[in-house]
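Please consult the sequence and the model while reading.

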Amino acid sequence: MDWAAPALTSFVADSSSFRHLCCYGAGIAGNVFAFVLFISPLPTFKRIVRNGSTEQFSAMPYIYSLLNCLICMWYGLPFVSYGVVLVATVNSIGAVFQLAYTAVFIAFTDAKQRIKVSALLAAVFVVFGLIVFVSLALLDHTTRQMFVGYLSVASLIFMFASPLSIINLVIRTKSVEYMPFYLSLSMFLMSASFFGYGVLLRDFFIYIPNGIGTILGIIQLVLYAYFRKGSSEEARLPLLVTHT
């Protein structure tokens, strides 16, 4: 009798179970840290509501974030991908937040901006509708995952333009005034969590963009530590804000 075979089978099963547990834990952690990022614009919108005006704030970050969340949510659903439901949950929550922020912006902006932002919001849903239609009507499941996956990667990488611009600003001004610590930390932790989630799932479309986000997060934290002493006292307060 081969006594080694049952032991090997048990070891493989235990390893698979541990890997699944780590994967689930990384995905849950990513959802939690993403939630912190989603609520970070709240001080900005409290100010908008309090003043009854959008002042010089822009709606574009929220419009684009909404499209990004919708695309990534679609990728995480079983219609496109199997076993990545935590990608769908985090992005569905994110889409609700971005839609709410955009609605507040439309309610408090001037007439010209209201028309422009409303048109952009409609365009987001038209584009998302086209993506859903093309992926369901014209593509099989394998091709559909590739199509939506590449769109989600491109969308996420494009979103890293914001951290890159902040990094450039910090280096030029030698100040972390416009790079809140907790926002940078949350971005790093969220990206690192989903990077681990993607690696454990062996999903290229998850770990590549989040790997880039992790690197950018590390750079932001290093810059914060380096330039912190030269910043004003106000810049060191742990505020969660957005830069628009």
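Arg228 counts as partly exposed because its relative accessibility is 42%; buried means under 20% relative accessible area, exposed over 50%, and partly exposed in between (1.4 Å probe, protein chains only). Arg228 lies in the segment after helix H9 (204–227), where helices are DSSP runs of H or I with at least four residues, numbered from the N terminus. Between the C-alpha atoms of Arg228 and Phe181 the distance is 9.7 Å, with 47 residues separating the two in sequence.

The model is predicted: local features need pLDDT of at least 70, side-chain atom pairs count only at pLDDT 80 or more, and totals for chains, interfaces and linings use all residues. Residues are numbered from 1 along each chain as its sequence is written, and side-chain values use heavy atoms, with hydrogens and water left out.

A search of the whole structure finds 16 aromatic pairs. Rings of Phe, Tyr and Trp (its six-membered ring) pair if their centres lie within 6.5 Å; planes under 30 degrees apart count as stacked, over 60 as edge-to-face and the rest as tilted. Two of these pairs involve Phe205.

| Pair | Centre to centre | Angle between planes | Type |
|---|---|---|---|
| Tyr75 and Phe205 | 5.8 Å | 75° | edge-to-face |
| Phe204 and Phe205 | 5.4 Å | 80° | edge-to-face |

Tyr75 in helix H3 and Phe205 in helix H9 are 130 residues apart, and their pair links distant parts of the chain. Phe205 counts as buried, with 8% relative accessibility, whereas Phe204 counts as partly exposed at 37%. Tyr75 is also buried.

Note on methods. Helix = DSSP H or I, 4+ residues; strand = E, 2+ residues; numbered from the N terminus.
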